[in-house]
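Let's take a walk through this fold, with the cut-offs spelled out as we go. Keep the viewer open and follow along.

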Amino acid sequence: MARDLELFPLRYPTVKTVTFQAGFASDLGHLVVWGLAGLVKAGILSDLRSFASPLHALSRWMEPIVSDKGGMFVTLAGEGIDGRPLSLTWNLIAQRNHGPHIPCGAAIALAGKIASGASLPRTAMPCMGLLTVEEFLEPLRDLDISEKVV
């Protein structure tokens, strides 16, 4: 199965670099996640599933103290149609802790498309190309999420 970082260059052959980033604005939150991930990587912990509930409770307690911002950042770099270097960055910035809803946009939009009777391939495959950006963003429209293209 191809991963996201492999799919973009397959679809857009002139793309040479793809990065996906997501995060939240709390430095403390980043530090905790980074530290726990380091413990898993070092083999000290086998996984973090047992930490999910306590971390969620802690994050809810800390929420009023730290930032409620998060987002998703996608950057593609390669050649434009004119052969010149081109870099595009697509950002979704979430306020009021709406960031965790971003990954749901595609599933909701695709389910809606299927329910409406749209003609879609009937096979297991990546969903790349099945939705427009507007279709992806539609289920998120009532949330405090803004789009920025650089």
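A disulfide here is a pair of cysteine sulfur atoms within 2.5 Å. Bear in mind that this is a predicted model, where local features need pLDDT of at least 70 and side-chain atom pairs count only at pLDDT 80 or more, while totals for chains, interfaces and linings use all residues. Residues are numbered from 1 along each chain as its sequence is written, and side-chain values use heavy atoms, with hydrogens and water left out.

Cys104 is in no disulfide, its nearest cysteine sulfur being that of Cys127, 13 Å away. Seen from the other end, the closest cysteine sulfur to Cys127 is in Cys104, and 13 Å is too far for a bond. For accessibility, buried means under 20% relative accessible area, exposed over 50%, and partly exposed in between (1.4 Å probe, protein chains only). Cys104 is partly exposed at 36%, and Cys127 is partly exposed at 35%.

Next, the strands. Helices (H or I, at least four residues) and strands (E, at least two) are DSSP runs numbered from the N terminus, and two strands pair if DSSP finds at least two bridges between them. Strand β2 (residues 70-79) and strand β3 (residues 85-94) run antiparallel, joined by ten bridges. Pick out Thr75 and you'll find its bridge partner in β3, Thr89. The hairpin has five residues between the strands, and Gly83 takes a positive phi near 85° there.

Now for the charges. Side chains of opposite charge can pair when their charged atoms come close. The rule for a salt bridge is a side-chain nitrogen of Lys or Arg within 4 Å of a carboxyl oxygen of Asp or Glu, and the count comes to four. One of them joins Asp47 and Arg49, with the closest N and O atoms 3.0 Å apart. In that pair Asp47 is partly exposed at 27% relative accessibility, whereas Arg49 is exposed at 68%.

Another salt bridge brings together Asp144 and Arg96, at 3.5 Å from N to O. That pair links distant parts of the chain, 48 residues apart: Asp144 sits in the loop between α5 (133-137) and β4 (145-149), and Arg96 in the loop between β3 and α4 (104-115). Asp144 counts as partly exposed, at 29%.

Then there's Lys113 with Glu135, whose closest N and O atoms are 3.2 Å apart. Glu135 is partly exposed, at 30% relative accessibility.
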